[in-house]
Amino acid sequence: MATQPIDQHAAHLDASTRAAVYDGTKSSHEKRTKLLFDHYADPDRLRELAGEIKQHVIENLDTYLPAVEAKLKQNGVQVHWASTAESACEAVLRILRARGATKVVKSKTMVSEEIELSEFLEKNGVESVETDLGEFIVQIDHDHPSHIVKPIIHKNRRQIAQSFEDHGLGAYDDEPEVITRRARHYLRHKYLAADAAVTGANFLVAESGRMVLVTNEGNSRFCLAATRCHIALIGIEKILPRDTDLALLLNLLGRSGTAQQLTVYTEFIQGPRLAAQPDGPDEMHVVFVDNRRTDVLATECRDILRCIRCGACLNVCPVYRQAGGHAYRSVYPGPVGAVLSPLLMGKRFPEKADLPKASSLCGACNEVCPVNIPIPDLLLRLRDKAKQEHVPSPGTPPMAVWALLASQPTAWKAALAGGRLINFLPTKLIPVPALRAWEQSRTLPQWRGGEFRKWLKQRPNKTES
Amino acid sequence: MLNTERKPITGKRVQLMATCLCDAFYDDVAVATVEVLEHVGCTVAFPMGQTCCGQPAFNGGDWPASRKVVRHTVQTFAGDDPVIVPSGSCAAMLFHGAVLEFEKEADLPAVESLGRRAWELGDFLVNGLGVRTWPGRYPASVALHRSCHTRGTASSPAAALLLQSIEGLRLAEFGEGEQCCGFGGTFSVSFPHISAAMGDLKLEHMRAAKPDVVVSGDMSCLMHLGGLAEKEGSPIRTLHLAQVLRDALLNAGLLARSKSA
């Protein structure tokens, strides 16, 4: 029987990659859970509250977006709107060209991966350097991130030392400290030479126009200290109503993503450099990126827009642990990606319609989500959508015959009796492909169809029917 | 998220939904469920027209096919009595899954009403009837597999409470208990590699705890785990929660052994 693409990917994943992904995710998940339950009496209530706040925002974007735009402008920030990936890239390029900028340093931003900004800038003669260590390694390897928070979770230090040697960053040495020092040395020069910085934003507060950037390497601070122009790419769903909401969301983000009470660097940026401030960009731009988010908002899967990109659902997901992030063929892997990536495809949904199938629907993702997204329900909705749109689903048993049997008691009873046949058939002759597939790795129990009903009948009048 | 608001229990008349797996493979689990319910004083009705809860097609993405089966189930389990299901998964299908796929259907109220009457067995015993300790004896070390559909529901704590109260029974804790066994319905055949890898990991954790028996409130997980272990040549002993509760009564002479069919 045919199987699903993600299962095939997992079957061919090499053991060292699987081990790296498994160990990395398991340890993140366990630390996350310990920290949350050590620090809070009822973390689940906090997750629910954070979910309610984000849900409120995405359902009221029509008022929050103009409000935050007004606030940003008042703070001296220039605001740009981009409805598509292409228009977002062009907006960034326009800003750079206006300044004659040819060198950009980037702090890790998922939305820039989504719109493929670096490739676009390189094509247009702008050097764009990733400054987050993981993203930097992805960039020099021409690889793709395989995790939202830990882009190189699939690599080990020996592979990294090798790529450093290949890219002229020093002879092979796989000491993490050496690797870090070499990257730091290389990147410091890039910061100093850069004309502009591109970042994302973890949160943007409507009432103050304050944006928050979190990192653990301080690279976004270097980006902003060294350049005169800051361009922030922000998905339209990143808004929070009030500054005080940050107390809840930042506490949940650090603990959920990296099992930290707070990330090492948390920057609050409310506008370009003031006259009294010696350093920092004197020009600041926010590019709001839609890229089909409003389409998602119009669907019953809109809850996925609450996501704060912490990666906790990836870490706990048994399928992600077996398959790794590249199996999802998307910028966003794991459970959140299995919902978001097909939705962001628009009309090309069928190309990623297999992703929502890559789940045993175990619900662990929902249980850890800091904004309590009902991911399994959304996966189910997308399975229904795929079926309605007649997207083929390799390996999924057809349900029409089963539905017919299961809605007609007489036929059902006959099937219960007839099923006994499988007890006497060798696997390859069983007429149901799903049962043959089952038997590839598992034994089937003895068919005992109808035995319980016989037992009931021979009881002395005890059980009604 | 889960629709767990239940109709309060007033009488002791219940309807049994045996589940398609017990109807086809695990008749002794259904028998044990009847015996356990009768032991606590319930009168058990078994609507003969019952088939399946509709979950295979719901999870498989074929909601129209699933709704057809759910409609049949709603009709079959008419009335006001609680519907007891020896499966966390099928119970969750009734009080959550079916409600989701009927959200735009005219007969949603009937589906919701069945959902409010649907109880997983352990949840019903503890939270429906108020049973806190289980009589009898069961001298064994038990690994309790908390099936995923009981995640966030009262079923897993209920099963643990009942099992721990049985004389002689010890719960053997094992690593990564929150992880799925890899069954997942149609997932088990459309993602055979990942499904088996997840199952092997679960078996490895369980074996390390050296239990005499692996117990769960869901036969689907046990069918997968037991089938994997047997195929690999090192079978494990699996029992449904209802079977352990029933066997504890038998061991202490509190129940006469029933005539098998």
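Buried residues make up 62% of the 261 residues in chain B. This is a predicted model, so everything I say about it is computed.

Chain B contains 12 helices and eight strands. If we take the contacts in chain B with a separation of 6 or more, 79% of them join residues 24 or more positions apart.

Now to one sheet. Chain B has an open sheet of four strands, in the order β2-β1-β3-β4, with parallel pairing. Which strands are at the edges? They are β2 and β4 of chain B, and each of these pairs on one side only. On average, neighbouring strands of this sheet are turned by 35° against each other, ignoring direction. As background, strands of a sheet pair through backbone hydrogen bonds, either parallel or antiparallel.

Take strand β1 of chain B, residues 13–16. With β2(B) it pairs in the parallel sense over three bridges, and B:Q15 stands opposite B:A45 in that strand. With β3(B), strand β1(B) also pairs in the parallel sense, over two bridges. There, B:L16 has B:I84 as its bridge partner.

Next, the contact between the chains. How many residues does each chain give? Chain B gives 60 residues and chain A gives 61 residues. Several elements of chain B each supply at least two residues to its side, including α2 (27–39), α4 (63–76), α10 (192–208) and the strand β2 (43–45). That side of chain B divides into 34 nonpolar, 17 polar and nine charged residues.

One residue of chain A is worth a slide here. A:G363 sits in the loop between α16 (334–344) and α17 (364–368) of chain A. Is A:G363 buried or exposed? There are 24 other C-beta atoms within 10 Å, and 20 or more count as buried, so A:G363 is buried. Leaving out residues up to four places away in sequence, A:G363 touches A:P376, B:C148 and B:R151. Its C-alpha atom is separated by 7.5 Å from that of A:I375, which is 12 residues away along the chain.

That brings us to helix α18 of chain A, residues 375–388. At 1.5 Å a residue, its 14 residues should span 20 Å, and the end C-alpha atoms are 20 Å apart, so the length agrees. Why call α18(A) largely enclosed by the rest of the structure? Because 13 of its 14 residues are buried. Just after α18(A), A:H390 takes a positive phi of about 60°.

Definitions and conventions. Residues are numbered from 1 along each chain as its sequence is written. Chains are lettered from A and ligands numbered from 1 in the order in which they are written. This is a predicted model: local features need pLDDT of at least 70, side-chain atom pairs count only at pLDDT 80 or more; totals for chains, interfaces and linings use all residues. A residue is buried if 20 or more other C-beta atoms lie within 10 Å of its own, exposed if 12 or fewer, and partly exposed in between; C-beta atoms are placed from the backbone. Two residues are in contact if their C-beta atoms, placed from the backbone, lie within 7 Å. The expected span of a helix is 1.5 Å times one less than its number of residues. Ala, Val, Leu, Ile, Met, Phe, Trp, Tyr, Cys and Pro count as nonpolar, Asp, Glu, Lys and Arg as charged, and the others, Gly among them, as polar. Two strands pair if DSSP finds at least two bridges between them. Axes are lines fitted to C-alpha atoms, for helices over the stretch in contact, and angles run from 0 to 180 degrees between N-to-C directions.
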